[in-house]
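Work through the exercises below with the model open. Each task is followed by a solution in steps.

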Amino acid sequence: MFSSARTISLADREHVQLPSNHEANPTANAMALCDMDGDGHNELVFGLTDGWLAVYKDNVLVASTTLRGTIITIACGMVKALQSVVIVSITTAGDVYFHRLAGPTLQLLDRVTMHVNIKSVLLSNSPHTDTTTMVLGRVDRIAEVVAVRLSTNPTGPSAPTNRQHTYQGRKLMLEIERREVLPDQVGGIAQCLSDNQPPLLAFAQARGTMAVMTATSESEVIRVLSTIAARDQPAAFNIAVGEAN
């Protein structure tokens, strides 16, 4: 399935100075790199355990906001339904926030309440579809592929619907299209996109294993790959994805 592997080496190290009111709680639960303003250079986005969501550019704070609850995971990228590059932040309360960078502020586009057991998130934009999907890893070993669409019934900040596994917000509707039980605890998520093949999703798991599945095929069987870390070492929650044949 994979013909080569990529490696990462430490090129440099930079210190990010937190504002004084956050120095007492410097734990960053989630972090991402993304070109939020379209200038060709990535911004550093991270969330603290106290709910503080911040965007740094060249080690300078350019925008921030505080969310309700601890930020557990974030992802950045284009959301086609909003026609904008956004930050998706998920808290321990199960709230999914969608922000975009608007000058010196983070503009809240929507908030949708889902599960309280989400651990990791990845935004996926396949060239084969016009819908952005969120791939979620949950603490109960469940992986979900969630379509992000414009809401068909805009309501309050978040409301249930009559459709099973659908969550409504003011602008967006999150619809679970696929749900799979993975063999082990889920860590990080990565994807491998190809012009002529369905996207591959890779889930890092405890005990040094990785589960791989396609994002589109309902009949695809999840395959557990060979161990990528010795069992006597800490659980592997970072993965590398090679080129797909």
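**Exercise 1.** Find the residues in contact with Ser151, leaving aside neighbours within four places in sequence, and decide whether Ser151 is buried or exposed.

Solution. The model is a predicted one.
- Step 1: Ser151 lies in the loop between β11 and β12 (159-160).
- Step 2: with neighbours within four places set aside, Ser151 is in contact with Gln168, Gly169, Arg170, Lys171, Leu172 and Met173.
- Step 3: the side chains of Ser151 and Gln168 make a polar contact at 2.3 Å.
- Step 4: the relative accessibility of Ser151 is 14%. The cut-off for buried is under 20%, so Ser151 counts as buried.

**Exercise 2.** Treat Ser120 likewise: which backbone oxygen does its side chain reach?

Solution.
- Step 1: Ser120 sits in strand β9 (residues 118-124).
- Step 2: its relative accessibility is 8%, so Ser120 counts as buried.
- Step 3: the Ser120 side chain reaches the backbone oxygen of Gly187 at 2.8 Å.
- Step 4: beyond four places in sequence, Ser120 touches Thr73, Val135, Leu136, Gly137, Val186, Gly187 and Ile189.

**Exercise 3.** Describe the largest nonpolar core: how many residues does it have, and which have the most contacts inside it?

Solution.
- Step 1: this core has 22 residues.
- Step 2: Val88, Val96, Phe98, Met114, Met134, Leu136 and Leu174 have the most contacts inside it.
- Step 3: elements giving two or more residues to this core include β5 (71-79), β9 and β14 (172-181).
- Step 4: a second, separate core has 16 residues, among them Val45, Ala63, Cys76 and Tyr97.

Terms used: Residues numbered from 1 in each chain as written. Predicted model: local features only at pLDDT ≥ 70, side-chain atom pairs only at ≥ 80, totals over all residues. Heavy atoms only, no water. Helix = DSSP H or I, 4+ residues; strand = E, 2+ residues; numbered from the N terminus. Buried < 20%, exposed > 50% of the residue type's maximum accessible area, 1.4 Å probe, protein only. Polar contact = N/O pair within 3.5 Å; in protein donor to acceptor, adjacent residues only side chain to side chain. Contact = heavy atoms within 4.5 Å. Core = buried A, V, L, I, M, F, W, Y, C linked by side-chain atoms within 4.5 Å.
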